[in-house]
Amino acid sequence: MKRKRRIKRNKILGVGFCALVYLFLFLPISVIVANSFNATTTKPYMSWKGFTLDWYVKLWENTSLLEAFGTTMIIAVVSTLLATVIGTLGAIGMYKYKFKGKGLIDGLLYIPVVIPEIVLGISLLTIFSKAGIPRGMITLILAHVTFCIPFVIFNVRARLAGYDISIEEASMDLGANRLTTFFEITLPVLMPGIMGGALLAFTLSIDDVIISYFVNGQTKTYPLKIMESVKSGVAPDVNALSTLILIGTILFVVLTQGDLFKKSSKESGKEETKYEKKKHGKKVFVGNAFSNTVYDARRMWFEDWQYGNR
Amino acid sequence: MDKKQIKPALVTIGPVTVIMVLLIALPLIYVAVMSFCSIDEYYNVTFDFTLENYMRLFNADYLKIYAQSLGIAFITTVLCILIGYPFSYIIARTKSRRKKVLYMLVIIPFWTNSLIRIYGWRTFLGNSGWLNGILTALGIVSEPVDFLYKSGTTIVGMVYCLIPFMILPLYTAIEKLDDSLLEASQDLGAKPVNTFFEVILPLTMSGIFSGSLMVFIPCLGYFFVSDILGGGNTDMIGNLIERQFQSGNNWPLGAALSIILIIVTLLLVKVYQKMGGDMDALGV
């Protein structure tokens, strides 16, 4: 009897503890969302003055903020495309060919993952200034491509681990040339890894503050625009935009990963073979890839490093 | 290499090699070179060899900031373990059908820009902020309490930003735990405390190690957290570097300061590798 009561007590303690942690995680988000409806008009826009939807209207008049958001999206799309293409090719090449200096490239790939972002930021700043490249859109894209590539490569590499290279040979034996084989065989098999890497690169790019802060010049991305206004007080229209972005992302996840909220599925992607995974189709995996944000990628990299590559 | 392979090899490996060499290796080497340079009266970098920047690193104010950074990073890491471990344990081992949702709920807050979220904390903790509003309304305090600009606030912000890096590897490690081992330990008469320290903890140590590395290192460089929440009272090494490259305009000194961060990173990665080796030997 006593034991039963103790188990019950522990369970309540556990649930309470987790609830507190979730409260901690969601507290600032709730503040942001609530503040986007705050009727206050005096800086620093902190105390609550009643409910309004004004900020959602004012948002559309704040052209510099919208412009910054547009810049962020352009940089994110371009860097994601470049990083995905370069990273995918690199991962395939490093898997298939042995060459001198392979270890060095491998080592270099780990640097953006472990080193504090500020070091990467200042080192790019110094080299851009030395090379005389004017800071702006170009340097931002170059910087974002650089720190995104390793994450794409680790994602694609995870996929390559189960890749049977003989199917490429089979394709060539049957008369396909190298390009056809690449587009018809290699690419489709690796697609989940590539998409996962691309999504991750996109997430990293739109969220980046520290590296962009050093290489931006006069170009303002959305996070940098926020940074500018932090000292004087972030206006609630920024909160309104952030709320809209958050709603957008959650909608995206619910739509792509609707099954998440319905059934409990203990199976994780790892237990499925690649062919089963392909059968399940695109919809499931995009959602999965999305839940693998940067945190997962870093973890994946550590596992890769711990168990595989050493 | 087969001659026929040279072209496809170049096409695939070429671009990534160029980027990694030009935009990772070269800049880091350049920073190392710059740390031995000085500046002229117009703040231009002049390429002569000097150890002056490194001498300046031992200035008493800086030493205080290093100690403070390491202290904050250490406390942040410990707090992340203390909060993250039980939390990950519960959500990784729950029988609830909503397990995946619980996991997603950890990630969702991080889809909002980190600056905005840190600013959310400021709005919550500020003098005219919400917490003070609530406390005054409830009559608990009569004057607003100064929550901001203390090392405690910076630590809250750091824990907040970095705790997913702890929770996610721990979650993975704990989820891999084999139930039968825990049952065996129990059947053989071990108390829950002993099972935890003798079985569970050693088996999930890899998660703690990688989590700690992923929390500790970025913490040293997150200058905007200490800027927004610590207001200059709780500077980290990151703030020092940032200032040299922006307002201070002394790039060589900033470069030398970055070298410290690089060395700390390398050391910790080495330690981690060493620990990781032991983990393999234990069969983890």
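The model is predicted. Chain A has a patch of positive charge on its surface, and chain B has a nonpolar one. B:Glu242 is buried without a salt bridge, and B:Tyr149 and B:Asn249 each have a positive phi.

**Surface patches**
- The positive patch on the surface gathers A:Lys2, A:Arg3, A:Arg5, A:Arg6 and A:Arg9. Of these residues, A:Arg9 is placed in helix α1 of chain A, residues 2-35.
- B:Phe74, B:Ile75, B:Val78, B:Leu79 and B:Leu82 make a nonpolar surface patch of about 430 Å².
- B:Val78 belongs to helix α3 of chain B, residues 60-93. B:Val78 counts as partly exposed because its relative accessibility is 32%.

**Buried charge**
- B:Glu242 sits in helix α11 of chain B, which spans residues 237-245.
- For B:Glu242, the nearest side chain of opposite charge is that of B:Arg243, 4.8 Å away; a salt bridge needs a separation within 4 Å.
- The side chain of B:Glu242 does make a polar contact, at 2.5 Å, with the side chain of A:Tyr213.

- Most residues other than glycine have a negative phi.
- B:Tyr149, not a glycine, has a positive phi of about 60°. B:Tyr149 is in the chain B loop between α6 (130-137) and α7 (151-175), and is partly exposed at 37% relative accessible area.
- B:Asn249, also not a glycine, has a positive phi of about 55°. The loop holding B:Asn249 runs between α11 and α12 (251-281) of chain B, and the residue is partly exposed, with a relative accessible area of 29%.

Key:
Residues numbered from 1 in each chain as written. Chains lettered and ligands numbered in written order. Predicted model: local features only at pLDDT ≥ 70, side-chain atom pairs only at ≥ 80, totals over all residues. Heavy atoms only, no water. Patch = residues over 30% accessible without salt bridge, like charges linked within 9 Å, V, L, I, M, F, W, Y side chains within 5 Å. Areas by Shrake-Rupley, 256 points an atom, 1.4 Å probe, with all protein chains shown as cover. Lys, Arg positive; Asp, Glu negative; His and termini not counted. Charge placed at Lys NZ, Arg CZ, Asp CG, Glu CD. Helix = DSSP H or I, 4+ residues; strand = E, 2+ residues; numbered from the N terminus. Buried < 20%, exposed > 50% of the residue type's maximum accessible area, 1.4 Å probe, protein only. Polar contact = N/O pair within 3.5 Å; in protein donor to acceptor, adjacent residues only side chain to side chain.
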